[in-house]
Amino acid sequence: MPNFKQIAVRYLFLVIWFLISSVTFAQLTAPGSKTISYTVYPSTPEVKDPVFIYCNPTGSVTGELQAVLPGGTEASDFKWFRWNNTSLSFSDVIKNDAGVTTSSVNNLTEGGYRVIISGNYNDTLTGWIDIDQPKGKASLMNRTCDYVALNGGGIGVDPFYYYDIINGKPVLLPNSVSFIWSSTPESSIPYPDFEKNPQTFNPPLQDVTYNLRISDNFGCVNESSFLYESIHVNAEFTSDPVEGEAPLEVSFTDKSVRASKKYTWDFGEKTPDGKNITWTVTNDPDSLWIFKQPFMHKYYIPGEYSVSVMIESTLGCTDSFRLAQKIVVEPSDVEIPNVFTPDGDGINDYFRPLTKSLRYIAIEVFSRSGLRVYNFIGQGEDLASWQGWDGNVNESSAKAAPGVYFYIIRAQGWDDVKYDSKAQRGYVYLYR
């Protein structure tokens, strides 16, 4: 078994042999090329001539070939030929360089080239140039209010053929492309690297630039893009609050996009015969501006309300949105405490029933001797700002004596429930 020293010596020998061999033969290169493939001639598959790939994103790229003699070799003559598709041979002379060690030709188009070196050094070098440019153009195929269809027209590559140097038959250089769609800002594009003509039913609500990037096996890239001006609409709004007692004032904030022609609001209220009550504003700039800022709607009748809006743009595109959470207006209620302590400590200083959603209330309070010491009738703003009985006699500075007082309460809720039964008559204890 060879030892480590023997293996190292063999490895060093291989490296030296490679370095020597690489400089003992003339070299054919293509400055600026992207990559290299190699020929597979059917008649002589053992011959592997280079195919230099140039990427051509601008459409104006040309090729260049350079032949270099091995190091230490004296100057020689270089004669360059181009492949002729009629004679099926390298018969077109394009340049002669005499007495040089390096020779190059530039501004070359696609095709085959051969340089014959003679004199102090003799060799023949053959290479092919492929000016490669993936094809494809991004454009709009179609659009409606509901979708956008993109068109990746002509995705592919121009086929490149080199020719069998023995029989002149064309040989196709294998190549294929991949692609991917994108947009800026980002938007929905289903199967962007599978569908050449993708179609989205989630169209952008803002203007976007659609981009199509095409790349081939050799790393050459072509990009095409276009600006898409959105026509699509989106209905949306928020509400605050979503629950409370009547009358409940709710602030609605419209977040719709391109609702430039028509709004139809349905606040969930119905007519006595069960039909929805809607509010529609059409083509009225003096009214449409209302919805561009928070606006108020007041609910008087307790219940649950499902709110929605339908919008329409000037191009006739429509959309609708329904609030996921219903607006809840609480039913009326009256709860009466049996004690209060008007001692000025800020805790339980007033005798006031706990109420919800009342349309009006009337309350009278009597002493044990039958003297009325407090009276209030209120609705609307008066009811909303009412604090209750403060323990003074008929709103004077005279303080009612501690003890038991009799009350009578009559009220009606916004749901038309009346509170005037025995449950709204009773006694309250005043402590100081």
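I take a nonpolar core to be a set of buried Ala, Val, Leu, Ile, Met, Phe, Trp, Tyr and Cys residues joined through side-chain atoms within 4.5 Å. I call a residue buried under 20% relative accessible area, exposed over 50%, and partly exposed in between (1.4 Å probe, protein chains only).

I note that the model is predicted: local features need pLDDT of at least 70, side-chain atom pairs count only at pLDDT 80 or more, and totals for chains, interfaces and linings use all residues. Residues are numbered from 1 along each chain as its sequence is written, and side-chain values use heavy atoms, with hydrogens and water left out.

Entry 1, cores. I looked up the largest nonpolar core and found 36 residues, with Trp181, Tyr210, Phe252, Tyr299 and Ile327 having the most contacts inside it. A second, separate core holds 21 residues, among them Trp386 and Trp389.

I count rings of Phe, Tyr and Trp (its six-membered ring) as a pair if their centres lie within 6.5 Å; planes under 30 degrees apart are stacked, over 60 edge-to-face, and the rest tilted. The structure holds 31 aromatic pairs. For Phe267 and Trp279 I found centres 6.4 Å apart and planes at 35 degrees, so this pair is tilted. Phe267 is buried at 5% relative accessible area, whereas Trp279 is partly exposed at 35%.

The ring centres of Tyr374 and Trp389 are 6.1 Å apart with planes at 25 degrees, so I record the pair as stacked. Tyr374 is buried at 4% relative accessibility, and Trp389 is buried at 0%.
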